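Let's walk through this model together, one region at a time. Keep the 3D view open beside the text as you read.

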Amino acid sequence: MRSGDKGNISNIGVIARRPEWLPLLGDRLTPEVVEAYFKHLPAGRVTRFYLRGTSSMNLLIHDALDGGGASSMRMDPLGKGTAQILLDMKVEVPRSVAALVQGVSRQGTASGFCSATAAPTESPSTRSATAWTATV
């Protein structure tokens, strides 16, 4: 993920590690889910755009920066940190994806770091062979 801002809009670019994971990310990172996740910030609606041929999407969080840059009363009025916040969100994934993500965490990446973790969910209502959560 990578984020930035223009005016009062924060944008988060989400790139799937594997092209076949983009539909899963799209299913889990709906505008409504992302909007609810950022409800601790004064933020407006979220819109999502897919970037064809890149296995990625762009999430725009409207009215997220208290007016943006020079007019904001926030200590850090920029959107550069919103991707890091979203990376903390836990999502349910199939066990096969969780195992792959866990493998990447242990091995690292070409750049030497990876923020992915995976663990089975503890909630009895979601416990099943495929109910795993991952921070991806």
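**A guided walk through the model**

Asp63 sits in the loop between β4 and α3; these labels come from DSSP runs numbered from the N terminus, with helices needing H or I over at least four residues and strands needing E over at least two. The phi of Asp63 is near 50°, a positive value in a residue other than glycine. For background, most residues other than glycine have a negative phi. Ser55 is also not a glycine and has a positive phi, of about 55°. You will find Ser55 in the loop between β3 (46–51) and β4.

A word on what you are looking at: this is a predicted model, in which local features need pLDDT of at least 70 and side-chain atom pairs count only at pLDDT 80 or more, while totals for chains, interfaces and linings use all residues. Residues are numbered from 1 along each chain as its sequence is written, and side-chain values use heavy atoms, leaving out hydrogens and water.

From Ser55, move across to Ile15, which contacts Thr54, Ser55 and Ser56 once its neighbours within four places in sequence are set aside; contact means heavy atoms within 4.5 Å. The C-alpha atoms of Ile15 and Thr54 are separated by 7.6 Å, although the two are 39 residues apart along the chain. Ile15 belongs to strand β2 and is exposed, with a relative accessible area of 59%. Here, buried means under 20% relative accessible area, exposed over 50%, and partly exposed in between, using a 1.4 Å probe and protein chains only.

Strand β2 has a partner: β1 (residues 2–6) pairs with β2 in the antiparallel sense over 5 bridges, where pairing requires DSSP to find at least two bridges between the strands. Within this pairing, Gly4 is bridged to Asn11 in β2. The two strands form a hairpin with 2 residues between them, and Gly7 in the turn has a positive phi of about 60°.

Asn11 also leads you to Thr82, whose contacts beyond four places in sequence are Ser3, Ser10, Asn11, Ile12 and Phe38. Thr82 lies in helix α3 (residues 82–87) and is buried, at a relative accessible area of 7%. Phe38 forms an edge-to-face aromatic pair with Tyr37, at 5.9 Å centre to centre and 85° between the planes. Rings of Phe, Tyr and Trp (its six-membered ring) pair if their centres lie within 6.5 Å, with planes under 30 degrees apart called stacked, over 60 edge-to-face and the rest tilted. Tyr37 is partly exposed, at 28% relative accessibility.

Leu29 touches Val14, Leu59 and Leu86, among others, not counting residues up to four places away in sequence.

Finally, how far can you trust the picture? The protein averages a pLDDT of 75, pLDDT being the predictor's confidence in each residue, from 0 to 100. Confidence is highest in β3, at 96, and lowest in strand β6 (residues 117–120), at a mean of 42. Over residues 107–136, pLDDT stays under 50. Where pLDDT is low, the predicted coordinates should not be read in detail.
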